[in-house]
Amino acid sequence: MVDLDNDGLPDLFLVTGSVYPELEKKLPGYPFRTPRVIFRNLGNGKFEELVDEAGPGVAAAHASRGCAFGDFDNDGDVDVLIVNMNEPPSLLRNDLAPDAGHWLKVKLVGVNSNRSAIGARAIARYGDRRQAQEVLSQSSFYSANDPRLHFGLGREQRAHLEIRWPSGLVQRFEDLAADRLVTIREGDDSLL
């Protein structure tokens, strides 16, 4: 689950593929390589499957095992790196329209907690919404996400952040401008 369109709602992205390539020869209805699956979050617990809108990288058939999310090209949207069986990985660049939603990216650096900030939780408040994300060491099979946390803010241009560190320290940052990366060091109230 990751916000692929910066609207503040987490979307669903799945990689697929059979486990046994031999099965396809006996049962053609169960192919080894299958397309990826993406569902856009419409809010209120409803999702829509994106087929043509998602592009050829999603529709391409692969036997995939894991995926990692991160802003690989640092343009403000989340891209996807996919681990495929017996072939190179796939990098799906997400290029949102210039009028897409705003975003805030947060890099946490632990001081008393571990330096990678694993286990730290960031809560972003913007408009009437709230999102929480944690820094994790692993996300999918053989995959680890970008450790920078990415918050899609929709139309909101400012956000408030609360950081809860594994050490127990809580830091708050009010009225942060959107569309930028902020680096926060544990115990330091200035933004880098």
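Is glutamate 48 buried, exposed or partly exposed? With a relative accessibility of 29%, glutamate 48 counts as partly exposed, because that class lies between the limits of 20% and 50%. The structure on display is a predicted model, and the tour below returns to this residue after a view of the whole chain.

**The whole chain**

Begin by displaying the chain as a cartoon. Its secondary structure consists of two helices and 13 strands. Along the principal axes, the C-alpha atoms occupy a box of roughly 60 × 35 × 30 Å. The chain has 192 residues, of which 42% count as buried. Its accessible surface is about 10800 Å², and carbon and sulfur atoms account for 52% of that area.

**Salt bridges**

The structure contains 12 salt bridges. Select arginine 40 and glutamate 48 to see one of them: the closest N and O atoms of this pair are 2.7 Å apart. Arginine 40 is partly exposed, at 28% relative accessibility.

Next, select arginine 33 and glutamate 87, whose side chains form a salt bridge with an N to O distance of 3.9 Å. This pair connects distant parts of the chain, 54 residues apart: arginine 33 is in the loop between α1 and β2, and glutamate 87 is in the loop between β5 (79-84) and β6 (90-92). Arginine 33 is partly exposed at 41% relative accessibility, and glutamate 87 is partly exposed at 26%.

Then move to glutamate 162 and arginine 164, which meet in a salt bridge of 2.6 Å, N to O. Here glutamate 162 is buried, with a relative accessible area of 14%, whereas arginine 164 is partly exposed at 40%.

**Two asparagines**

Most residues other than glycine have a negative phi. Select asparagine 6, in the segment before β1 (12-14); its phi is positive, at about 60 degrees. Asparagine 6 counts as buried, at 2% relative accessibility. Continue to asparagine 44, in the loop between β2 and β3 (46-49), where phi is also positive, near 55 degrees. Asparagine 44 is exposed, with a relative accessible area of 79%.

**A nonpolar patch**

Finally, show the surface and select Val19, Tyr20, Leu23, Leu27 and Tyr30. Together these residues make a nonpolar surface patch of about 530 Å².

Technical notes. Residues are numbered from 1 along each chain as its sequence is written. This is a predicted model: local features need pLDDT of at least 70, side-chain atom pairs count only at pLDDT 80 or more; totals for chains, interfaces and linings use all residues. Side-chain values use heavy atoms; hydrogens and water are left out. Patches are made of residues with over 30% relative accessible area and no salt bridge: like charges are joined within 9 Å, nonpolar side chains (Val, Leu, Ile, Met, Phe, Trp, Tyr) within 5 Å. Accessible areas come from the Shrake-Rupley method with a 1.4 Å probe; for residues, only the protein chains shown count as cover. A salt bridge is a side-chain nitrogen of Lys or Arg within 4 Å of a carboxyl oxygen of Asp or Glu. Helices (H or I, at least four residues) and strands (E, at least two) are DSSP runs, numbered from the N terminus. Buried means under 20% relative accessible area, exposed over 50%, partly exposed in between (1.4 Å probe, protein chains only).
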